[in-house]
Amino acid sequence: MDASANDNMVAPEDACPLCGERDADRLVWQDDQRVECQMCGTVYEPGRRDHERRE
Ligand SMILES: [Zn+2]
């Protein structure tokens, strides 16, 4: 309903795997490959990027 609320939402693939947080204000990109969720403290790799280089 409120379109502006979606502006800070990251892609579903980038959402926190633990708590599902998608608010960009609460997801901190550590570098290009890792994201820290400020809500639960989880550091994860967002799934949005290419899956080619998995190692
Ligand atoms: Zn989280």
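Author: A nonpolar core is a set of buried Ala, Val, Leu, Ile, Met, Phe, Trp, Tyr and Cys residues joined through C-beta atoms within 7 Å. A residue is buried if 20 or more other C-beta atoms lie within 10 Å of its own, exposed if 12 or fewer, and partly exposed in between, with C-beta atoms placed from the backbone. The model is a predicted one, in which local features need pLDDT of at least 70 and side-chain atom pairs count only at pLDDT 80 or more, whereas totals for chains, interfaces and linings use all residues. Residues are numbered from 1 along each chain as its sequence is written.

The largest nonpolar core consists of five residues: Ala-15, Cys-16, Leu-27, Val-35 and Cys-37. Of the protein's 55 residues, 13% count as buried.

The protein has three strands and zero helices, where strands (E, at least two residues) and helices (H or I, at least four) are DSSP runs numbered from the N terminus. The three strands form an open sheet in the order 1-2-3, with antiparallel pairing; two strands pair if DSSP finds at least two bridges between them. Strand 1 (27–29) and strand 3 (43–44) stand at the edges, each with a single partner strand, so one side of each lacks a neighbour in the sheet. Strand 2 (residues 35–37) pairs with strand 1 in the antiparallel sense over three bridges.

Within strand 2, Val-35 stands opposite Trp-29. Beyond its neighbours within four places in sequence, Val-35 is in contact with Asp-14, Leu-27, Val-28, Trp-29, Gln-30, Tyr-44 and Pro-46, contact requiring C-beta atoms, placed from the backbone, to lie within 7 Å.

Definitions and conventions:
Two residues are in contact if their C-beta atoms, placed from the backbone, lie within 7 Å.
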